[in-house]
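Visitor: I'd like a guided tour of this protein, please. Could you take my questions one at a time?

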Amino acid sequence: MSPHVLILGGTTEARRLAAALTARPGVRVTTSLAGRVSRPGALDGEVRVGGFGGPDGLAAWLREERVDAVVDATHPFAATITGNAAAATAAARVPLLVLRRPGWQPGRGDRWHPVPSLEAAAAVLPALGRRVFLSTGRLGLAAFAGLTELSFVVRSVEPPEPPLPPHTHVLLARGPFTVADETALLREHRVDVLVTKDSGGAATSAKLAAARDLGLPVVVVRRPPLPEDVTALPDVPAVLNRLDAALGRRSR
């Protein structure tokens with residue numbers, strides 16, 4: 001029987017992995033999307049949209065669809081999905097691989113302020129600046145809603161979920177962005193502090209270079225920890241190598 005791989009997707013890496021696996025003869029690939037983006041890009045293989053109903057629902061789906069391996073290639077901050085995947089694969093006795101692009105590292109000249117959460121980011125902002133570029137996605141902005149004395153520029157692919165801070169200018173845009181683009185944005189809006197999640201990757205890192213060049217402080221929200229006994233793989237080739245080993249063991 002052809003091996004069946006479930007990819008928990010939503011990232012560029014998930015799309016690349018689906019393309020690489022569907023190019024292999026005899027491999028069935030299903031990518032699951034949470035459905036938070038209304039118009040996701042095209043994907044190779046089968047696509048499933050929507051939740052599974054928690055870890056028990058996912059475990060049941062893995063059994064019903066005879067899944068041989070799961071790759072969690074969701075966003076580094078999708079902690080609930082990752083936790084559910086770890087519990088479900090353990091219950092269904094299916095190998096789980098986690099694909100996470102490496103996080104960013106501060107360089108010379110960076111003025112980073114690492115924090116553990118969006119709430120912690122909101123707490124340190126008043127001491128760092130009054131005009132904030134908030135580049136943390138469209139979810140969780142309620143953490144900043146009480147900062148009535150600050151002005152915010154919020155950028156996301158789709159309209160952010162309320163509540164928002166009262167003085168907020170929303171920019172709808174999809175990356176990647178160049179350093180020149182980000183520098184122009186920071187200057188145009190007279191930004192004096194940047195807030196971002198440590199999502200990693202090159203597609204959204206230009207804002208960090210722009211902030212460094214302008215001497216701006218950057219509040220960086222650290223990634224949530226992975227579940228116990230789960231180790232992240234950094235790229236698609238590493239996942240493919242580990243998948244070959246995992247699928248080989250299951251076939252035997």
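Predicted model: local features only at pLDDT ≥ 70, side-chain atom pairs only at ≥ 80, totals over all residues.

**A walk through the model**

Visitor: How are the rings of F52 and W61 arranged?

Guide: The structure holds two aromatic pairs. In the pair of F52 and W61, the ring centres lie 5.4 Å apart and the planes meet at 70°. Planes over 60 degrees apart count as edge-to-face, so the pair of F52 and W61 is edge-to-face.

Visitor: Are F52 and W61 buried or exposed, and which charged end sits over the ring of F52?

Guide: Both F52 and W61 are buried. Over the ring of F52, 3.8 Å from its centre, sits a charged end. It is that of R48.

Visitor: Within what arc do the buried residues of α2 fall?

Guide: Helix α2 spans residues 54-64, and its buried residues are L58, A59, W61 and L62. They line one face of the helix, because the view down the axis of α2 puts them within an arc of 160°.

Visitor: Which residues are exposed on the other side of α2, and what do its buried residues pack against?

Guide: On the other side of α2, the exposed residues are D56 and E64. The buried residues of α2 have contacts with strands and a helix: they pack against β1 (4-8), β2 (28-33), β3 (46-49), β4 (69-72) and α3 (79-92).

Visitor: Why does S32 count as buried?

Guide: S32 is found in strand β2. Leaving out residues up to four places away in sequence, S32 touches L6, I7, L8, G9, R48, G50 and F52. Buried means under 20% relative accessible area, so S32 counts as buried at 6%.

Visitor: Which elements give two or more residues to the lining of the second largest pocket?

Guide: The second largest pocket holds about 160 Å³ of space. It is lined by 12 residues, and the closest to its centre are L96, L97, D229, V230 and T231. The elements that give two or more residues to this lining are β5 (96-99) and α7 (236-251).

Visitor: What is the phi of D229, and why does D229 count as exposed?

Guide: D229 lies in the loop between β11 (217-221) and β12 (232-233). Exposed means over 50% relative accessibility, so D229 counts as exposed at 75%. Although D229 is not a glycine, its phi is positive, at about 70°.

Visitor: What is the volume of the largest cavity?

Guide: The count comes to one cavity of 30 Å³ or more. The largest cavity is lined by T11, E13, T74, H75, P76, L99, R100 and R101. Its volume is about 40 Å³.

Visitor: Where is R190, and what is its phi?

Guide: R190 sits in the loop between α5 and β10 (193-197). With 56% relative accessibility, R190 counts as exposed. Its phi is positive, near 50°.

Terms used:
Residues numbered from 1 in each chain as written. Heavy atoms only, no water. Phe/Tyr/Trp six-rings, centres within 6.5 Å; stacked < 30°, edge-to-face > 60°. Buried < 20%, exposed > 50% of the residue type's maximum accessible area, 1.4 Å probe, protein only. Lys NZ or Arg CZ within 6 Å of the ring centre and 35° of its normal. Helix = DSSP H or I, 4+ residues; strand = E, 2+ residues; numbered from the N terminus. Arc of directions from axis to C-beta. Contact = heavy atoms within 4.5 Å. 1 Å grid on protein atoms, 1.4 Å probe; cavity = no way out; pocket = protein on both sides within 12 Å on 5 of 7 lines; lining within 4 Å. Points joined across faces, edges and corners; volume = space filled by probe spheres on them.
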